[in-house]
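Good morning, and thank you for joining.

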Amino acid sequence: MKHFVKIFVIFTYFFFTNISYSATELAYINMEKIMNQSIAGKSITKALEDLHKKNINEFEKIKNELKLKESEIVSQKNILQEDEYNKKINLLKEKVVKYRKERRVKAEQLNKKKIEATSELLNNIRPILAEYATQNSISIIMQKRNIIVGKKELEITDDILNLVDKKVKKIKLN
């Protein structure tokens, strides 16, 4: 009976223990670095900054004109009749409302262009990642921000950055 129990324990140990060996290759990538340091990412950033500066300059001009107009109206307060003065003030208020609306619309358009350009860049990066994963037998590529601890050898950011720079030179803003 003693031998039966020993055999049963050994049998149970060998057949019911899970020994798992992972053949899955993992890697991780810093997408923020790719988006900011790639040639295409830099072109997006530069184009957006240029457009933003252009918008700021336009709105600075309009803002200065509105301030000048306000000063002009205030200086005429004692000269103009009350109803005419109120008309000019109301007209100025309408222009200020229009200015604020245009400014908000331009900011929304700029944000939309940023989202579209970033999305297009990501769409260009995905096939590069897939090809790299296939060539290097990588099963899963994760974003670095989702990794708590990982071996430095598993990071493929610099390799992907080089590939992206070779294949994607510029992303145009719509």
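Predicted model: local features only at pLDDT ≥ 70, side-chain atom pairs only at ≥ 80, totals over all residues.

Ser137 is exposed, because its relative accessible area is 54%; exposed means over 50%, buried under 20%, and partly exposed in between, with a 1.4 Å probe and protein chains only. Residues are numbered from 1 along each chain as its sequence is written, and side-chain values use heavy atoms, with hydrogens and water left out.

Ser137 sits in the loop between H4 and E2; helices (H or I, at least four residues) and strands (E, at least two) are DSSP runs numbered from the N terminus. Its phi is positive, about 50°, although Ser137 is not a glycine. Most residues other than glycine have a negative phi.

Let us turn to H4. What span should its 54 residues have at 1.5 Å a residue? The expected value, 1.5 Å times one less than the number of residues, is 80 Å, and the end C-alpha atoms of H4 are 80 Å apart, which agrees. Buried residues of H4 include Tyr85, Leu110, Leu121 and Ile125. The buried residues of this helix pack against E1, H2, H3, E2 and H5.

Next, the cores. A nonpolar core is a set of buried Ala, Val, Leu, Ile, Met, Phe, Trp, Tyr and Cys residues joined through side-chain atoms within 4.5 Å. The largest has 23 residues, of which Leu121, Ile125 and Ile160 touch the most other members. Two or more residues come from each of strand E1 (26-29), helix H2 (31-37), helix H3 (39-75), helix H4 (82-135) and helix H5 (157-167). H4 gives the most, with eight residues. A second, separate core of eight residues has Phe59, Leu66, Leu92 and Tyr99 among its members.

Beyond its neighbours within four places in sequence, Ile125 is in contact (heavy atoms within 4.5 Å) with Met31, Ile34, Met35 and Val164.

Finally, strand E2. Leaving out residues up to four places away in sequence, Ile141 touches Ala27, Ile29, Leu129, Ala133 and Ile156. Ile141 and Ile156 are 15 residues apart in sequence, and their C-alpha atoms are 8.9 Å apart in space.
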